[in-house]
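Dear colleague,

Here is the structure I promised to pass on, and I would be glad if you kept it open while reading the notes below.

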Amino acid sequence: MTKTILPLFAAALVLPGVAFAQSTVTLDSFSLGDPPKPDAAAAEMRDCLVDPTACDNAEFGGGAKFTLDDVVNLGVVERKPKPPASATPARAGVAIAIEDRTKKPEPLPTIDLEVLFAYDSDALTPQAMAKLSTLANALSDPRLKDSKLIFIGHTDAVGGAAYNKALSQRRANAVARYVQGTMRLGTGQIEAVGVGFDYLKNARFPDAAENRRVQLVLVPGA
């Protein structure tokens, strides 16, 4: 069945007084009353950050896990001092909460982003900018707004360690600057660090493309 073509000069006969551009549209090229489609990619990014354990996206999930101790050791977050213990003596029959130092630290919310760069370049491509704009949309969720954003740059294992660490830092900086400008964040709300190939996503294939990524880690309330 052939599509019905409605030349715009014919539409002008039906709707007098309305000016149209000189182009041709098909009747099935639009639909009246359809609501705008939600940004599915932004929703998936948001869901993976809100509940990383339920994230089954091959790109966003499966990366290195970082705890608060890890990001403190990377030098991008300072640990807040704990409030001093109460000087009130314990009374008989009153339970005192004791910190469990054997408890394993919980991993922070994180997703991986395959942000592609040209060879030996830290300039963002138009495709990378589009993906980071989608991320900014996801981060506008009220549940994520009070978190500090830590962008961690990763590389594959091709080349020297020092070279790759410097390259990963430049690329993490480029991503952080773009997101900061897009979301108009203060300088204290976002950090960037490069780790080179210290945390390979695919250790079986050190030169695999998925190792070349930028990881976002959220530090709530930082």
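Predicted model: local features only at pLDDT ≥ 70, side-chain atom pairs only at ≥ 80, totals over all residues.

Helix α4, which runs over residues 126–139, has 14 residues and reaches 20 Å from its first C-alpha to its last, close to the 20 Å expected at 1.5 Å a residue. Its buried residues are Ala128, Leu132, Thr134, Leu135, Ala136, Ala138 and Leu139, and what covers these buried residues includes the helices α2 (40–50) and α5 (161–183) together with the strands β3 (110–113), β4 (147–153) and β6 (214–220).

As for the packing of α4 with α5, their axes come within 10 Å and cross at roughly 50 degrees, which makes α4 oblique to α5. The crossing of α4 and α5 is right-handed. On the α4 side, Met129, Leu132, Ser133, Leu135, Ala136 and Leu139 take part in the contact, and they meet Val175, Tyr178, Val179, Thr182 and Met183 in α5. The residues of this contact divide into nine nonpolar, two polar and no charged.

Most residues other than glycine have a negative phi. Arg184, however, has a positive phi of about 55 degrees although it is not a glycine. Arg184 lies in the loop between α5 and β5 (190–194), and Arg184 is exposed, with a relative accessible area of 78%.

Key: Residues numbered from 1 in each chain as written. Heavy atoms only, no water. Helix = DSSP H or I, 4+ residues; strand = E, 2+ residues; numbered from the N terminus. Expected span 1.5 Å × (residues − 1). Buried < 20%, exposed > 50% of the residue type's maximum accessible area, 1.4 Å probe, protein only. Contact = heavy atoms within 4.5 Å. Axes fitted to C-alpha atoms, helices over the stretch in contact; angles between N-to-C directions. Parallel < 35°, antiparallel > 145°, perpendicular 65-115°, else oblique. Left-handed = near helix turned anticlockwise from the far one by under 90°. Nonpolar A, V, L, I, M, F, W, Y, C, P; charged D, E, K, R; others polar.
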